[in-house]
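Let's take a walk through this model, stopping at a few residues along the way. Have the sequence and the 3D view open as you read.

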Amino acid sequence: MKMKYTIPVLTMACMLVFGLTGCNLAGGTVSVSDQETAEAIAATLLEGDGGDFSLVNTEDDDDQARSLDARSLEVTRTREYQYSTVETSFTKTWYNGDWVNEVDPPEAYDRFSKVGTHIVTLNGPRMDGSMQGSMDLQILLGQTDGVDTYSMTGTTARTGDMTHPDLESQRTVTRTVDISKEYAAVVMLRDDIGDGDGQIMPLSGTVTITGEIYREATGGFGSRSEQRIIDAEITYDGSTRLRVRFRDTDTEVLIDASTGEVVADTP
């Protein structure tokens, strides 16, 4: 049960989190749109390393821990991508039943926790920045129609900033993102694709999202700032299309959970 990570997904996720989706910084103060806010939220969900969907099960740590016959395992890994570096560090602890009794053999564990952090450092063309993340999750193993599932409860957070030049407006743009999510027994389903690997997708449950997106452009022809206080939720129903509902405005945006893109609301 190993996860797949691709350079395009991770690079796109970083770009979406920092809001590189064609904003117009002509002047004044405006609110970041529903669409761009939904894309930023979606980027923190994507399965690329560090995205929430990748946290339920990560490659190699299960096999390593079982070979050591250990109850807990400290994992530290660094991944180099074309325009970014991801450093992940967490402790994975296995439990059974009441989360207290230790079980042997390791295969008998039916739950585990993941507590840790990760740092994404961006070093791409004309952009510089970093994003820090944290996780504090409890995950229950299960099956639905013979397919592995993971029920996830707990919190994750992403915060970071990035600076880059805007050549069109001759200004320097700084973007800050702070997104926290609370999972309430969200069931994740492994969508196998024939070779034993597959993509983690949400099956049911609700996640609450809070935070802020802030942008500021200075120099050139003046200054402009954009801000959005995030108060949203996603209710999962097994579809790859997820509805992000902004509770402050009671509006919805439909996103593709596998790409992070906003999609048309069609049957």
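Asp-250 has a relative accessibility of 57%, so it counts as exposed. Keep in mind that this is a predicted model. You'll find Asp-250 in the loop between strand 10 (241-246) and strand 11 (251-256). Its backbone is worth a look too: Asp-250 has a positive phi of about 55 degrees, although it is not a glycine. For background, most residues other than glycine have a negative phi.

Ala-185 is another non-glycine residue with a positive phi, near 50 degrees. Ala-185 sits in strand 7 (residues 171-192). Is Ala-185 buried, exposed or partly exposed? With a relative accessible area of 40%, Ala-185 is partly exposed, because that value falls between the 20% and 50% cut-offs.

## The nonpolar cores

The largest nonpolar core has 39 residues. Which of them touch the most other members? They are Ile-41, Tyr-183, Met-188, Ile-234 and Tyr-236. There is also a second, separate core of six residues, with Val-86, Leu-122, Met-131 and Met-162 among them. As a general point, nonpolar side chains in soluble globular proteins tend to be buried together.

Back in the largest core, take Met-188. Leaving aside neighbours within four places in sequence, Met-188 is in contact with a list of residues that includes Phe-53, Val-56, Tyr-183, Ile-200 and Leu-203. Asp-148 and Thr-149 are also among the contacts of Met-188.

Met-162, from the second core, lies in strand 6 (residues 147-166). Its relative accessible area is 0%, so Met-162 is buried. Met-162 and Val-173 are 11 residues apart in sequence, and their C-alpha atoms are 8.1 Å apart in space.

## A buried threonine

Now over to Thr-85, which is part of strand 3 (residues 84-95). Thr-85 counts as buried because its relative accessibility is 18%, and the cut-off is under 20%.

What joins the side chains of Thr-85 and Glu-80? A polar contact of 2.8 Å does. Setting aside neighbours within four places in sequence, Thr-85 is also in contact with Thr-78, Arg-79, Ile-119, Val-120 and Thr-121, among others.

## Charges over rings

Two phenylalanine rings deserve a stop. Lys-92 lies over the face of Phe-112, 4.1 Å from the ring centre. Arg-228 lies over the face of Phe-246, at 4.6 Å from the ring centre.

Methods:
Residues are numbered from 1 along each chain as its sequence is written. This is a predicted model: local features need pLDDT of at least 70, side-chain atom pairs count only at pLDDT 80 or more; totals for chains, interfaces and linings use all residues. Side-chain values use heavy atoms; hydrogens and water are left out. A nonpolar core is a set of buried Ala, Val, Leu, Ile, Met, Phe, Trp, Tyr and Cys residues joined through side-chain atoms within 4.5 Å. Buried means under 20% relative accessible area, exposed over 50%, partly exposed in between (1.4 Å probe, protein chains only). Contact means heavy atoms within 4.5 Å. Helices (H or I, at least four residues) and strands (E, at least two) are DSSP runs, numbered from the N terminus. A polar contact is a pair of N or O atoms within 3.5 Å; within protein, one must be able to donate a hydrogen and the other to accept it, and residues adjacent in sequence count only if both atoms are side-chain atoms. A charge sits over a ring if NZ of Lys or CZ of Arg is within 6 Å of the ring centre and within 35 degrees of the ring normal.
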